[in-house]
Amino acid sequence: MTIDNAAFEGYRRSPNQKTNLPRLFFGTAIVVAFWMAMTALVLFAGTYVYIVWGLPGPSTGRYMQDFLASPVGILSALTSFAGIWIGLWVAMRFVHGEPLSALFGVTRRIARGDFLKGLVAVLITSLFSEVLLYWMQPEILRGPIAMSSWLLSLIPILLLAFLQTSSEEILFRGYLLRGLAYRFKSPLVWAVLPGMLFTSLHWNSASTFAINASVFISIGIFALLLTLLVYVTGNLGAGFGAHLGNNLTGFMLISHQEGYNGFALLNAKPLEGPGWTNWDAALIAAIGIVSTLLTMLLLLHRRSPLRVGTNSESLF
């Protein structure tokens, strides 16, 4: 498996002279500020509406937690990621003097073919990993959502999940990676640092240290794959699709988190719940690693029909 990095070299050299470390830090602060502001707006306004209108959902007396655990709360939480897109537009326009589309790739467009390939590949390997997780822990129950409601929620969840995953990709594998790669040659800087930041956001205080460690390993390896896809293609398309496929599996098919199971057809034993052993955590990490390696083969092997970097069609 040989990798041609010509596309990535064009991507890393594409920023203008305004892309330096002080501006990159300032731009990142702008993005975080918009993200936090949008999150606060969603939390407080959403909780208020949830209480006043008496929307369906849990009723434990912890109003904000009840809102976030409700179906409308899950959808609302996903909208908060619009703050990242808004913040990036502001940072690119007023700090760097570039269009937001410059982050998409060398062509300034998202590669449609790579997006679809990334999506299909991760859906395949996610189902494979779910089979292994079921073999390890067969406690899976039918979710409370009716099939008719599930079908009606497909499009909203698909759009909002894309909003969430694409915002994370364009921030961590676009803005930060591109800006750091422009200034530093070492992948320890432009690949590892954004990957560590991305992975650290997935810490769950309700889970044990062993489970958190296994999740960190799984997500960290997946983040490296997403970075590798940018390195191979010089475009965010494949990462957009792969990340979307990963999250759609958890949102819509089999949920492993209590806080995000409102729309899932099946609910597995929650990772933040009790009863997980250190051996279980090691197996979860191993399954995550194997699944990511299979995804890498599907997307990068020269004989794979899902090989990325061979289609220049744009998504937008």
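**View 1. R173 over the ring of F198.** In this predicted model, the charged end of R173 sits over the F198 ring, with 4.4 Å to the ring centre.

**View 2. K269 over the ring of W276.** Here's another charge-over-ring contact, this one with a lysine: the charged end of K269 sits over the ring of W276, 4.6 Å from its centre.

**View 3. W85 and F104, an edge-to-face pair.** Searching the whole structure turns up 10 aromatic pairs. One of them joins W85 and F104, with ring centres 6.4 Å apart and 65° between the planes.

**View 4. W89 and F94, another edge-to-face pair.** The ring centres of W89 and F94 are 5.8 Å apart, and their planes make an angle of 85°. F94 has a relative accessible area of 56%, which makes it exposed. The cut-off that matters for F94 is 50%, because anything over that value counts as exposed.

**View 5. The cluster of F8, W190 and Y231.** Zoom in on this trio and you'll find a phenylalanine, a tryptophan and a tyrosine: F8, W190 and Y231 are linked into a cluster by ring pairs.

Notes. Residues are numbered from 1 along each chain as its sequence is written. This is a predicted model: local features need pLDDT of at least 70, side-chain atom pairs count only at pLDDT 80 or more; totals for chains, interfaces and linings use all residues. Side-chain values use heavy atoms; hydrogens and water are left out. Rings of Phe, Tyr and Trp (its six-membered ring) pair if their centres lie within 6.5 Å; planes under 30 degrees apart count as stacked, over 60 as edge-to-face and the rest as tilted. Buried means under 20% relative accessible area, exposed over 50%, partly exposed in between (1.4 Å probe, protein chains only). A charge sits over a ring if NZ of Lys or CZ of Arg is within 6 Å of the ring centre and within 35 degrees of the ring normal.
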